[in-house]
Amino acid sequence: MKTKIFCDIADFKVIKHYNKKKIVDGFTTNPSLIRLAGAKNYKNYCLKILKICKKKPISFEVFADKPEDMLSQAYKINKWGKNIYVKIPVVNSKGIFMGKVIKELSMQGIKLNITAVYTVDQTKKILKCLNKKSRTIISIFAGRMADKGKDPVPIFKKSIFLSRRNKNVEILWASTREAYNYTQAKNLKCNIITMPPKIINKIENFGQDFRSMTLSTVNGFLVDSKKSKFSL
Ligand code: G3P
């Protein structure tokens, strides 16, 4: 089983670059990444991306906070293209589970990416809302957990186990912090990992042996010492 690599980015030029690359199977965005890319108009910016990324799956998130507004945004976003996964946060800013939103959209056959997932309990609740014929990604935020000293691996193991019977559910390793996370995701048989471009570049260079790594490390220190003309 292949662990697909998605690029976690909203920058138009970067998407253009990675859309051509075989290593990247799809893209994920979120409102913060779209803001970071300098977008002034959410819809226009997403449509510009979609002119480039026509086939590979791409997730665009709703940014409303009320369930009814989330639904209305989700229906609009879904119409922008066939390759879109509509991203719905597992809870809104009040901490209320967005089960009704997830259920309605899934029953309509809309491809979803349920985001900001941190617990096995959330995975269980999401799975209960899904139409088994409709495709869904569940995005578990590994890096943000690890940043708080928590091990994401057991949460992935259990979530992957719970979703094993639903062929249309894919577990996604989100919030990637280092290249080794790809190895972890692969070992877990996680369906997808999304990562920033700089980590994708590192994965393309996997396989360097320790001897040459030692040499390039030592050389780096030597070059910097010379550049700074250090003397003792
Ligand atoms: O797009 C969702 C997720 O991958 C964000 O990651 O780096 O903001 O924790 P990060």
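Student: In which helix is the place of glutamine 73?

Tutor: This is a predicted model, in which local features need pLDDT of at least 70 and side-chain atom pairs count only at pLDDT 80 or more, whereas totals for chains, interfaces and linings use all residues. Residues are numbered from 1 along each chain as its sequence is written, and side-chain values use heavy atoms, with hydrogens and water left out. Helices (H or I, at least four residues) and strands (E, at least two) are DSSP runs numbered from the N terminus. On that basis, glutamine 73 is placed in residues 67–78, that is, in helix H4.

Student: Is glutamine 73 buried or exposed?

Tutor: Buried means under 20% relative accessible area, exposed over 50%, and partly exposed in between, with a 1.4 Å probe and protein chains only. A contact means heavy atoms within 4.5 Å, and glutamine 73 touches Val62, Phe63 and Ala64, leaving aside residues up to four places away in sequence. Because its relative accessible area is 17%, glutamine 73 is buried.

Student: What percentage of the residues in the protein chain is buried?

Tutor: The chain comprises 11 helices and 8 strands, and its C-alpha atoms fill a box of roughly 70 × 40 × 35 Å along the principal axes. Of contacts between residues at least 6 apart in sequence, 63% join residues at least 24 apart. Among the 232 residues of the chain, the buried share is 47%.

Student: How many residues has the largest nonpolar core, and which element gives the largest share of this core?

Tutor: A nonpolar core is a set of buried Ala, Val, Leu, Ile, Met, Phe, Trp, Tyr and Cys residues joined through side-chain atoms within 4.5 Å. In soluble globular proteins, nonpolar side chains tend to be buried together. The largest core here has 64 residues, and those with the most contacts inside it are Phe27, Ile58, Phe60, Val86, Ile88 and Phe156. Its largest share, 5 residues, comes from residues 42–52, which form helix H3.

Student: Which cysteines does phenylalanine 27 touch?

Tutor: Phenylalanine 27 is among the residues with the most contacts inside the largest core. Residues up to four places away in sequence being set aside, its partners include Phe6, Ile9, Ile15, Tyr18 and Ile58.

Student: Which residue of E4 is the bridge partner of isoleucine 58?

Tutor: Two strands pair if DSSP finds at least two bridges between them. Strand E3 (residues 58–61) and strand E4 pair in the parallel sense over 4 bridges. Both faces of E4 (residues 84–89) are covered, and 6 of its 6 residues are buried. Isoleucine 58 has as its bridge partner isoleucine 84.

Student: Which residue of E6 stands opposite leucine 112?

Tutor: E5 and E6 run parallel and are joined by 4 bridges. On E6, Thr136, Ile138 and Ile140 are buried on one side, and Ile137, Ser139 and Phe141 on the other. Leucine 112 stands opposite threonine 136.

Student: Against which helices do the buried residues of H6 pack?

Tutor: In helix H6 (residues 120–129), the buried residues are Val120, Gln122, Thr123, Ile126, Leu127 and Cys129. They pack against strands E5, E6 and E7. The helices against which they pack are H5 (99–107) and H8 (153–162).

Student: How much space lies in the largest pocket, and which element gives the most to its lining?

Tutor: On a 1 Å grid over the protein atoms alone, a pocket is an open set of points where a 1.4 Å probe fits, with protein on both sides within 12 Å along at least five of seven lines, and lining residues have an atom within 4 Å of a point. The volume, the space filled by probe spheres set on the points, is about 410 Å³. Of the 21 lining residues, the closest to the centre are Asp8, Asn30, Leu33, Phe141 and Arg144. With 3 residues, the element that gives the most to the lining is H2.

Student: Is serine 175 buried or exposed?

Tutor: Serine 175 is found in the loop between strand E7 (169–174) and helix H9 (180–187). Its phi is positive, about 60°, although serine 175 is not a glycine. Because its relative accessibility is 8%, serine 175 counts as buried.

Student: Is lysine 229 buried or exposed?

Tutor: Lysine 229 is in the segment after helix H11 (210–227). Its phi, near 50°, is a positive value in a residue other than glycine. Because its relative accessible area is 72%, lysine 229 is exposed.
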